[in-house]
Amino acid sequence: MTRAFYIGRFQPYHNGHQVVLEEIARSADEIVIGVGSAQLSHEPGNPFTAGERVLMITQSLCNLKCPFYAIPIEDLRRNALWVSHVIAMTPPFDTVYSSNPLVMRLFAEAGTRVFSPSMYERDTLSGTEIRRRMLAGEPWEHLVPPSVTRVMEEIEGVARIRSVALSD
Ligand code: ATP
Ligand code: MG
């Protein structure tokens, strides 16, 4: 039994995340998805709440042939204790999939097996680029799963990104 762990902020969840998770599903029995910086929302770099991000993930992965758990994880701001913080919040896992150097380093030091998935079309499949496009009124829908577009409509995500970028 292999339970894999994958973490991101998913601001928003996009096709790069989807490709990686579909790949993990081929080798793992279950996947734990950490929704990082869970306490943040309504700011330009972190517009969506943890609950909204859980919705994007759950709906985009509804056809995945692998059970998964999306768990919000607040920032601890204490890297030396961060792995314990994650473990305290998640179902037990034995393998971590991450290409983030800090995440890789912290789990490796804790003795967890770490795999590093490759990046897909990183120029456009990036949360930063998708938020930029939403703000600028450029096309972004083709960079996310259809479910994410529907969640954006439900929560008026583009209008929110534009409001929180304004100043008084
Ligand atoms: P941001 O620009 O807001 O940081 P992001 O696209 O990097 O957004 P994150 O939520 O930070 O998204 O990413 C979570 C994990 O997904 C990270 O480990 C990141 O390396 C990985 N990831 C992001 N984009 C891709 C991609 N295009 N292909 C594969 N993995 C990706
Ligand atoms: Mg990132």
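Residues are numbered from 1 along each chain as its sequence is written, and chains are lettered from A and ligands numbered from 1 in the order in which they are written. In this predicted model local features need pLDDT of at least 70, side-chain atom pairs count only at pLDDT 80 or more, and totals for chains, interfaces and linings use all residues, while side-chain values use heavy atoms, with hydrogens and water left out.

**Sheet**

The 5 strands of an open sheet run in the order E3-E2-E1-E4-E5. Their pairing is parallel. Strands (E, at least two residues) and helices (H or I, at least four) are DSSP runs numbered from the N terminus. Two strands pair if DSSP finds at least two bridges between them. Strand E3 (68–72) and strand E5 (113–115) each have a single partner strand, so one side of each lacks a neighbour in the sheet. On average, neighbouring strands are turned by 25 degrees against each other, direction ignored.

Strand E1 (residues 3–8) pairs with strand E2 (residues 30–35) over 6 bridges, in the parallel sense. Within this pairing, Ile7 stands opposite Gly34 in E2. Helix H2 (residues 50–60) lies across E2 and E3. H2 runs at about 165 degrees to E3. Such angles run from 0 to 180 degrees between N-to-C directions, with axes fitted to C-alpha atoms, for helices over the stretch in contact.

Most residues other than glycine have a negative phi, and most peptide bonds are trans. The loop between E1 and helix H1 (15–27) holds Pro12. A cis peptide bond joins Gln11 to Pro12, with omega at about 0 degrees. Phe10 is also found in the loop between E1 and H1. Phe10 is not a glycine, yet its phi is positive, at about 55 degrees. His42 sits in the loop between E2 and H2. His42 likewise has a positive phi, near 55 degrees.

Which of the two is buried, and which partly exposed? Phe10 is buried, because its relative accessibility is 2%. His42 counts as partly exposed at 43%. Buried means under 20% relative accessible area, exposed over 50%, and partly exposed in between (1.4 Å probe, protein chains only).

**Ligand site**

Ligand 1 is surrounded by 18 residues. The closest are Arg9, Tyr120, Arg122, Gly127 and Thr128. Here a residue counts as near if one of its heavy atoms lies within 4 Å.

| Residue | Part of residue | Distance |
|---|---|---|
| Arg9 | side chain | 2.6 Å |
| His14 | side chain | 2.8 Å |
| Phe10 | backbone | 2.9 Å |

Taken alone, ligand 1 exposes 590 Å². The protein buries 89% of that area. Accessible areas come from the Shrake-Rupley method with a 1.4 Å probe.

**Helix packing**

Which residues of helix H5 (residues 127–136) are buried? They are Gly127, Glu129, Ile130, Arg131, Arg133 and Met134. These buried residues pack against helix H6 (146–155) and helix H7 (157–164). Contact means heavy atoms within 4.5 Å. Gly137 follows H5 and has a positive phi, near 75 degrees.

Ser147 belongs to helix H6. Ser147 is buried, with a relative accessible area of 7%. Leaving out residues up to four places away in sequence, Ser147 touches Gln59 and Ser60.

Notes:
A polar contact is a pair of N or O atoms within 3.5 Å; within protein, one must be able to donate a hydrogen and the other to accept it, and residues adjacent in sequence count only if both atoms are side-chain atoms.
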